Structure formats: structure tokens, C-alpha cells
Amino acid sequence: MAVADANYKLIYVDIGSYGKDSDSTIFRNSVLWKNLERNNLNIPTSSQVPGINIPIPYAFVGDESFGLNTHLLRPYSGTHLPNRKKLFNYRLTRARRYVECTFGILSNKLRIFHRPIDVKVDFAVDIVKSCCVLHNFDRDRDGFSFDDTLTINGFEEFDVLNNSGINRNTNLIRDALSHYFMSDEGKLPWQFEKI
């Protein structure tokens with residue numbers, strides 16, 4: 001599991017979990033989650049967004065497999081959603097693509113990920129960690145190359161899964177953002193063609 005920034009650099013990685021573990025289980029067992037729960041990450045305080053009457057917290061963007069949290073947004077569940085929820089899901093997916101592109105760039109530059117890594121588990125973890133460091137070094141050295149983002153192996157749109165136990169305040173934030181994306185202030189001229 002990893003967190004990537006808008007420059008396709010890895011800013012947090014959690015390596016070594018079993019493949020059978022779900023993303024949400026890996027996340028709940030990570031140091032990142034523990035620090036998020038303890039408010040140790042120095043995340044900026046919530047900000048007022050023009051056109052939204054409640055402060056919006058800064059949040060990580062996840063896919064459907066993650067639970068909704070004050071600092072973690074995920075798409076709405078379901079297939080028959082109103083346009084504002086479809087639009088929110090689309091805009092969230094666009095933000096999520098940065099991490100997907102980061103994995104694509106990493107695996108395309110460091111071809112070791114195109115086949116099974118047939119070594120002991122501890123050594124495999126060290127190899128992956130080293131590749132993450134090399135990836136960030138490469139990003140600093142080479143800068144941004146648009147061609148790196150064109151081929152993304154493994155990026156697929158997933159069916160949205162149901163998630164229960166969602167925090168009510170977090171739902172209000174997600175709803176506020178979905179209304180904002182439909183408003184004159186928050187909409188993009190081409191967004192309705194995509195849903």
C-alpha cells in the first residue's frame with residue numbers, strides 16, 4: 001500500500017502484508033492509520049471552500065475497499081446513483097489516478113515487477129523498498145515526463161462495493177463536495193460528458 005503525491009512520488013509505503021489481506025485490513029494495521037487516529041500527521045486544519053457552508057478537512061483519497069473516515073474519502077456505493085454522486089465518484093477517481101499512475105511508472109521503469117520476485121519474503125520486502133527509493137530518486141532527477149503516465153498496467157475501474165458503518169459527519173462532507181461539484185463554482189465545463 002502506498003500514498004503518492006501529485007508529482008507521482010511515493011510519500012508513504014507499507015510493504016510486506018500478505019496478498020490475502022484486504023486493502024482496508026492492511027490500512028488498519030499500518031503505521032499511517034495509527035498516526036492518523038492519533039492526529040500525529042500534521043494534517044492542516046479544515047478549510048472553508050467557497051460555496052460550501054461547512055469546513056472541509058484535508059483527506060486522503062481511497063478506492064471502494066477503504067472505509068470512510070474524516071481524513072479518508074472513498075466513492076459512493078451503488079450503481080444507480082444520482083448524477084451528483086456519479087460526478088463525485090468521477091472526480092474522486094481522477095484524484096485517485098495519481099497513485100495508480102505512480103504504480104504504473106514504478107513498474108514500467110523497474111521491470112522487476114513484471115514477473116514474480118522469487119526470493120525469500122524479507123529479501124523481497126527489501127527489494128520493493130529499494131525500488132520505491134529509486135523511483136523517488138528518479139522522479140527528482142528526471143522530473144515529470146507525460147509519457148510515463150500514458151501506460152498504466154493494472155489500472156482498472158472497479159465495481160463499487162457496499163460499506164456500512166460510515167461516520168455521519170464524513171457523509172456530510174462527501175455530500176457537501178458532491179453538491180459543490182454540481183454548482184457553478186465547483187463544476188468543470190466537460191465533467192457531465194464523463195458520467
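These are my notebook entries on a predicted model of one protein chain.

**Ground rules**

I number residues from 1 along each chain as its sequence is written, and I work with heavy atoms for side-chain values, leaving out hydrogens and water. Because the model is predicted, local features need pLDDT of at least 70 and side-chain atom pairs count only at pLDDT 80 or more, while totals for chains, interfaces and linings use all residues.

**Entry 1: overall layout**

I listed the elements of the chain. There are five helices and four strands. I take helices (H or I, at least four residues) and strands (E, at least two) as DSSP runs, numbered from the N terminus. From that end, the order reads β-β-α-α-β-β-α-α-α.

Next I looked up burial. Buried means under 20% relative accessible area, exposed over 50%, and partly exposed in between (1.4 Å probe, protein chains only). Of the 195 residues, 35% count as buried.

Then I looked up contacts, meaning heavy atoms within 4.5 Å. Among contacts with a separation of 6 or more, 60% come from residues 24 or more positions apart.

**Entry 2: helix α3**

I checked the span of α3, residues 83–109. The expected span of a helix is 1.5 Å times one less than its number of residues.

I then picked out Asn-89, which lies in α3. Its relative accessibility is 10%, so Asn-89 counts as buried. A polar atom of the Asn-89 side chain lies 2.7 Å from the backbone nitrogen of Tyr-76. Beyond its neighbours within four places in sequence, Asn-89 is in contact with Pro-75, Tyr-76 and Leu-81.

**Entry 3: aromatic rings**

I searched the whole structure for aromatic pairs and got seven. Rings of Phe, Tyr and Trp (its six-membered ring) pair if their centres lie within 6.5 Å; planes under 30 degrees apart count as stacked, over 60 as edge-to-face and the rest as tilted.

Phe-27 and Trp-33 have ring centres 5.3 Å apart and planes at 65°, so I logged the pair as edge-to-face. Phe-27 and Trp-33 are buried.

Phe-88 and Phe-181 have ring centres 6.2 Å apart and planes at 25°, so this pair is stacked. The pair links distant parts of the chain: Phe-88 is in α3 and Phe-181 is in α5 (residues 168–182), 93 residues apart. Phe-88 and Phe-181 are both buried.

Which residues make up the aromatic cluster with Phe-88 and Phe-181? I found Tyr-76 and Tyr-180 in one cluster with them.

I looked for charges over these rings. A charge sits over a ring if NZ of Lys or CZ of Arg is within 6 Å of the ring centre and within 35 degrees of the ring normal. The charged end of Arg-91 sits over the ring of Phe-181, 4.1 Å from its centre. Arg-174 lies over the face of Tyr-76, at 4.2 Å from the ring centre.

Helix α4 (residues 121–142) has 22 residues. From first C-alpha to last, α4 reaches 31 Å, close to the 32 Å expected. Its buried residues include Val-125, Val-128, Cys-131 and Cys-132. The buried residues of α4 pack against β2 (10–13) and α3. Just after α4, Gly-143 takes a positive phi of about 75°.

Ile-15 is in the loop between β2 and α1 (23–28). At a relative accessible area of 24%, Ile-15 is partly exposed. Leaving aside neighbours within four places in sequence, I found Ile-15 in contact with Val-125, Val-128, Lys-129 and Cys-132. Ile-15 and Lys-129 are 114 residues apart in sequence and 7.3 Å apart in space, C-alpha to C-alpha.

Tyr-8 is a residue other than glycine with a positive phi, near 65°. I placed Tyr-8 in the loop between β1 (2–4) and β2. Is Tyr-8 buried or exposed? It is buried, with a relative accessible area of 9%.

Asn-42 is not a glycine, yet has a positive phi of about 55°. Asn-42 is in the loop between α2 (31–37) and β3 (60–61). At 74% relative accessibility, I logged Asn-42 as exposed.

Key. Polar contact = N/O pair within 3.5 Å; in protein donor to acceptor, adjacent residues only side chain to side chain.
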